[in-house]
Amino acid sequence: MNDKLKERLHGFGKNGYDRSLAGMELLELEGGKARVRLPVGETVQNAGGALHGGAVATLVDVVGTLAIMSADREHRPGVSTDLNVSWFAPALSGSSVLVEASVLKSGRTLAFVQVDVRREGDGVLVAQGRMTKFLS
């Protein structure tokens, strides 16, 4: 893993909005793929005790960015230009989700990534997102 990726991971969950994902555990990061586990704890739950939609969008952004950085020769995080999420099933309090990001294409100025969020216990697809980033 290169120094830019290490630096980004070292500070993760300590500052700003990313603190809500502080329990996230990195499982894989290489070659345009990133995989993490996140417990559905209090900081990422909605009022009904399930994984909050905003937390899912944040996972798409954060894990997708890691995948893009691992695919890009210069390891640039880029700037989001488009992000969409479709939700399919809940992930309830006390469970965990596995988040898998795969870079679809990474070019000179744009990168595209798909992110699947699945319940760890049964593999059910909770949500799927896509993101486009401008790489400068």
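Residues are numbered from 1 along each chain as its sequence is written, and side-chain values use heavy atoms, with hydrogens and water left out. Because the model is predicted, local features need pLDDT of at least 70 and side-chain atom pairs count only at pLDDT 80 or more, while totals for chains, interfaces and linings use all residues.

**View 1. R37 and E25 pair up in a salt bridge.** The structure holds six salt bridges (a side-chain nitrogen of Lys or Arg within 4 Å of a carboxyl oxygen of Asp or Glu). Here the closest N and O atoms are 2.8 Å apart. R37 sits in strand β2 (residues 33-39) and E25 in strand β1 (residues 25-30), so the pair ties together parts 12 residues apart in sequence. Helices (H or I, at least four residues) and strands (E, at least two) are DSSP runs, numbered from the N terminus. R37 is partly exposed at 24% relative accessibility, and so is E25, at 38%. Buried means under 20% relative accessible area, exposed over 50%, and partly exposed in between (1.4 Å probe, protein chains only).

**View 2. E25, R37 and E120 join in a network.** Salt bridges link these three residues.

**View 3. D61 meets K133 in a salt bridge.** Their closest N and O atoms are 3.8 Å apart. D61 belongs to helix α2 (residues 53-71) and K133 to strand β6 (residues 125-134), so this pair ties together parts 72 residues apart in sequence. D61 is partly exposed at 28%, whereas K133 is buried at 5%.

**View 4. D122 and R119 form a salt bridge.** The N to O distance between their side chains is 2.8 Å. D122 is partly exposed, with a relative accessible area of 48%.
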